[in-house]
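Look at the model below before reading on.

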Amino acid sequence: MSVEAAQAIEFEFECKLSNGLHARPASHLAETANRFASACELTNRRNQTRADIKSVLSTIAADVREGDICTLRVEGPDRAAAMAGLRRFIIEDLPACDEPLAEAALESKAPTLPRGLADTGVTYLYGIAVSRGIGRGAAVVLGRMSLNADFAAEPVDGPAPERERLARGFRAVEARIEELLARNPLGTETGILKAHLAIMSDVTLREEIAKRIDAGRSAARAVVETSEHFRALLQRTGSAYIRERAVDVEELCTELLEEIYGSEFRPPSVELREASILVAETLAPHQLLALDRKFLEGIVLESAGATSHAVILARSMGIPAVVGVAGAARALTPGEPVIVDGDSGLVFPHCPPPVIRFYDRERAAAQRRKAALSKFAQAHAITLDGQRLEIGVNISTAAEAEAGFANGADGVGLFRTELLFAEHKTAPTENEQFEVYAGAVRAGNGRPVILRTADIGGDKPLPYLNLPAERNPFLGYRGIRIYAEYHEMIGAQIRAALRASAIGPVWLMAPMVASLEEALWFKGEVTRGQNALRAQSVAFNSKMPVGIMIEVPSVAFQLKRLCAELDFFSVGTNDLSQYFYAADRENAKLLGISNVRGPAFLALLKNIVSEIRSSGKWVGLCGEMGGDPRNLPLLAGIGFDEISASGNVIPALKRATARLNGVTCRELIERAIQCGTAAEVEALLQAAVPAAVAEPLFSTSLVALDSDSQNKDEAIRELVDTLHAAGRIEDRRPMEEAVWAREAVYSTGLGHGFAIPHCKTDLVHADSIGILKLKQPIEWVSLDGAPVSMVILLALSDSNPKGSHMKVFSRLARKLMNEEFRGRLMEINDPGELISHVGRELEDSI
Amino acid sequence: MKIVAVTACATGIAHTYMAAEQLEKTAKALGHQIKVETQGAMGIENELSDNDIRQAQGAIFAADIEVEGSERFEGVKLVRVPVQEAIKDPKGVIAKIQG
């Protein structure tokens with residue numbers, strides 16, 4: 001009903017939105033109200049809170065929930081029209097404002113806790129695992145406002161000067177935003193700036209700050225408290241949209257403080273002093289590089305994206321990282337101990353004892369695996385049929401080159417030089433660059449170093465280049481496209497590369513090349529650099545190979561001409577896939593689209609490599625796709641000369657190569673390309689687990705005679721870990737589940753202190769027997785009810801029926817019924833002796 | 001006494017053979033003649049012939065799954081036990097034939 005009261009009209013309504021009047025409906029309401037001059041006030045009758053509905057923040061602060069009765073009061077010259085418009089909106093449109101927000105297609109799914117933790121009731125957060133490993137340290141939360149004591153103190157001169165300071169701050173921030181708007185930025189940025197301007201003029205925001213200043217607080221403290229106040233309010237409904245508004249408010253409050261206090265106010269500088277887990281909404285590469293790496297144990301980000309540059313860096317540094325962890329920056333308290341599981345995407349606050357024990361054992365297992373892999377690092381990666389595959393390392397700094405070569409890299413497959421440019425306030429000089437490139441070349445000691453000239457612009461802007469913001473940065477002014485404008489800068493880089501080529505093998509390539517013209521232009525620039533150096537009598541290798549990245553699909557269709565002009569190519573699968581599928585790789589909702597195992601993308605790669613190799617030129621792959629050993633059969637089948645990846649995966653890639661059969665891989669890729677979907681390719685890969693690997697059934701690497709496993713969970717996990725360390729399985733969790741599936745039928749505790757868990761699965765590359773002798777007997781629900789001291793895991797490879805050791809397994813099973821045999825096994829305390837004893841006993845069956 | 005037996009467990013990797021071993025060992029110790037057919041991951045081994053079965057005073061199925069060719073044992077005194085029981089108490093299982 002409407003009531004005419006003097007100059008005002010009132011209208012009463014019930015909120016029918018199940019999530020209440022949260023940010024989105026409130027913003028629509030504000031939009032409607034702002035079309036009119038009249039004052040529009042809403043009173044929530046439940047809590048008697050009044051709100052100016054022209055202010056989104058104010059409306060949200062009224063906390064209108066489903067079923068709340070509200071009174072809308074409109075007062076002013078155009079009240080009749082305003083009320084009519086608002087009434088119609090509230091009755092007709094408002095209920096429709098509450099459609100659930102579209103969920104991200106690929107939101108991180110809630111993972112199941114690993115066995116051993118599932119029953120402990122520990123709390124955890126989760127996201128997408130993007131950089132492997134386990135990290136443990138104190139939470140360091142980036143980007144949260146906090147005040148030092150000086151600014152928190154009560155002002156000595158009372159509220160008046162504080163109000164003045166605040167007003168000055170507001171004016172300055174508004175002026176700055178308006179100035180930016182006046183430059184006519186493109187769509188996205190305009191939208192954000194306008195939203196910021198709306199928040200700055202939000203009545204409630206100003207009132208909340210003023211209220212606190214009047215109560216005697218400093219402007220700084222009032223701003224921080226207000227920011228916290230809105231954060232708490234906006235957090236309540238938990239939608240992503242609302243969280244974004246909270247971030248906006250916080251960002252503007254920070255700017256306000258910077259305006260008011262100038263350089264004195266700084267968000268707390270992040271200096272790591274102990275083992276730390278970095279927690280932030282987003283992370284820029286330079287923020288990551290500024291941190292002391294020796295204390296950085298893990299990264300937890302709220303934003304998603306498996307290939308953002310900070311994530312790529314984290315991976316190359318071997319720092320475990322989990323992204324897309326909703327609400328992490330708020331859920332984790334600075335200083336609290338946190339464990340990050342970069343394999344499963346789990347994040348554990350507080351670190352309770354069961355979590356610590358679980359992950360201590362995980363780390364020990366990872367150490368053992370690393371030790372087992374180290375022997376593969378320094379050997380060439382050669383397939384079973386003698387095909388050599390070079391394994392390179394992707395780096396961003398010369399120090400990473402050393403680490404990569406120590407891990408067995410056959411060369412640097414990609415030196416991302418842009419970080420050199422991002423680290424400085426001005427472009428690095430020719431000499432500075434030369435020193436860095438020379439460092440990498442010396443570390444290589446004869447192994448080639450592929451330098452990629454700076455891929456700047458787009459998503460990697462540089463303050464000193466003054467590049468305009470763009471609507472579509474990935475499709476914009478970046479890579480080779482900016483070189484003509486920044487001609488001297490690129491000239492210096494090319495000369496630095498040429499000078500490094502006098503020390504050892506340097507290959508030089510350009511990013512983002514989309515046409516033959518660009519490739520020819522780049523070649524011309526190299527010639528120009530050579531001429532300049534020659535004129536100065538500076539040494540360089542006149543035969544330094546020149547190539548391009550293949551990341552823009554257009555060049556894939558001009559390879560004949562390009563091969564005639566260039567020496568080599570490197571396929572950047574990250575950008576190539578996002579351009580090929582037209583799907584932004586930073587957008588978590590699109591991760592499912594740009595699948596590098598999709599048959600269309602594999603066909604593209606196959607065509608590219610076939611064309612290049614038929615011209616006798618060299619082609620490598622330097623995208624994230626190369627870092628996963630599971631892609632290796634596909635990539636080897638396609639016929640790349642080289643795969644380049646983060647240093648820490650090189651040994652695993654080399655070991656995986658040594659098991660491949662080139663012929664099988666070539667058949668595999670042909671079948672993969674014929675597949676209809678990426679899922680079919682995955683299934684094909686799974687089935688093609690390299691069969692018939694000549695691995696012995698028994699090995700000391702599969703024996704541990706001093707296990708401190710304290711229960712069945714731990715013992716099975718330890719055995720599975722030994723198989724993993726020995727490279728007999730790739731995935732631990734499914735293997736564990738396969739063993740447990742058998743235990744579910746009935747316990748494999750056979751009495752007399754022995755248990756023989758077993759399974760037949762295609763997860764294991766080769767038949768394997770793992771043996772564990774326990775320091776402390778553990779419960780296994782055995783046939784005789786006695787605890788178990790010796791656990792023998794029999795893993796039968798399902799994909800390898802011909803080379804089956806089943807006869808040995810059956811003979812071993814029979815032998816275990818023999819008391820004397822069991823007694824002898826219990827006595828022997830040397831792995832080698834144990835294996836040879838068992839071998840002798842089973843001789844007639846081997 | 002002449003006994004025939006068939007052992008068969010779900011995965012056919014271990015318990016099939018452990019049960020066979022237990023039955024063979026125990027029967028011999030008790031002075032019986034026994035022949036055990038295993039139906040495991042290697043398929044059927046030590047297969048019982050019709051003759052074996054005809055001559056036996058009793059048959060034991062120590063099996064968690066269906067025994068292949070169970071029709072062969074028609075007319076023979078048959079004891080069915082889970083595999084585990086044959087491993088844990090082979091003597092008791094053999095005694096069931098006599099009882």
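**Reading the model**

From its N terminus on, chain B runs through its elements in the order β-α-β-β-α-β-β-α-α. That makes four helices and five strands, where helices (H or I, at least four residues) and strands (E, at least two) are DSSP runs, numbered from the N terminus. This is a predicted model, in which local features need pLDDT of at least 70, side-chain atom pairs count only at pLDDT 80 or more, and totals for chains, interfaces and linings use all residues. Residues are numbered from 1 along each chain as its sequence is written, while chains are lettered from A and ligands numbered from 1 in the order in which they are written.

In chain B, the five strands form an open sheet with mixed pairing, in the order β3-β2-β1-β4-β5. Two strands count as paired if DSSP finds at least two bridges between them. At the edges stand β3(B) (43–45) and β5(B) (78–81); each has a single partner strand, so one side of each is left without a neighbour in the sheet. On average, neighbouring strands of this sheet are turned by 15° against each other, direction ignored. The angles are taken between axes, which are lines fitted to C-alpha atoms (for helices over the stretch in contact), and run from 0 to 180 degrees between N-to-C directions.

Helix α1(B) (residues 15–29) packs on the sheet and touches β1(B), β2(B) and β4(B) (58–63); the direction of α1(B) makes about 180° with that of β2(B). Contact here means that the C-beta atoms of two residues, placed from the backbone, lie within 7 Å. Strands β1(B) (residues 2–8) and β2(B) (residues 33–40) run parallel and are joined by six bridges. Within this pair, Ile3(B) stands opposite Ile34(B).

Now turn to chain A. In strand β8(A) (residues 134–141), eight of eight residues are buried, that is, 20 or more other C-beta atoms lie within 10 Å of their own, with C-beta atoms placed from the backbone. β8(A) pairs with β12(A) (residues 337–341) in the antiparallel sense over five bridges, and with β9(A) (residues 276–280) in the parallel sense over four bridges. Arg136(A) has Ile339(A) of β12(A) as its bridge partner, whereas Ala139(A) stands opposite Ile277(A) of β9(A).

Last comes the interface. Here 20 residues of chain A are in contact with 16 residues of chain B. On the side of chain A that touches chain B, α28(A) gives the largest share, six residues.

Note on methods:
A residue is buried if 20 or more other C-beta atoms lie within 10 Å of its own, exposed if 12 or fewer, and partly exposed in between; C-beta atoms are placed from the backbone.
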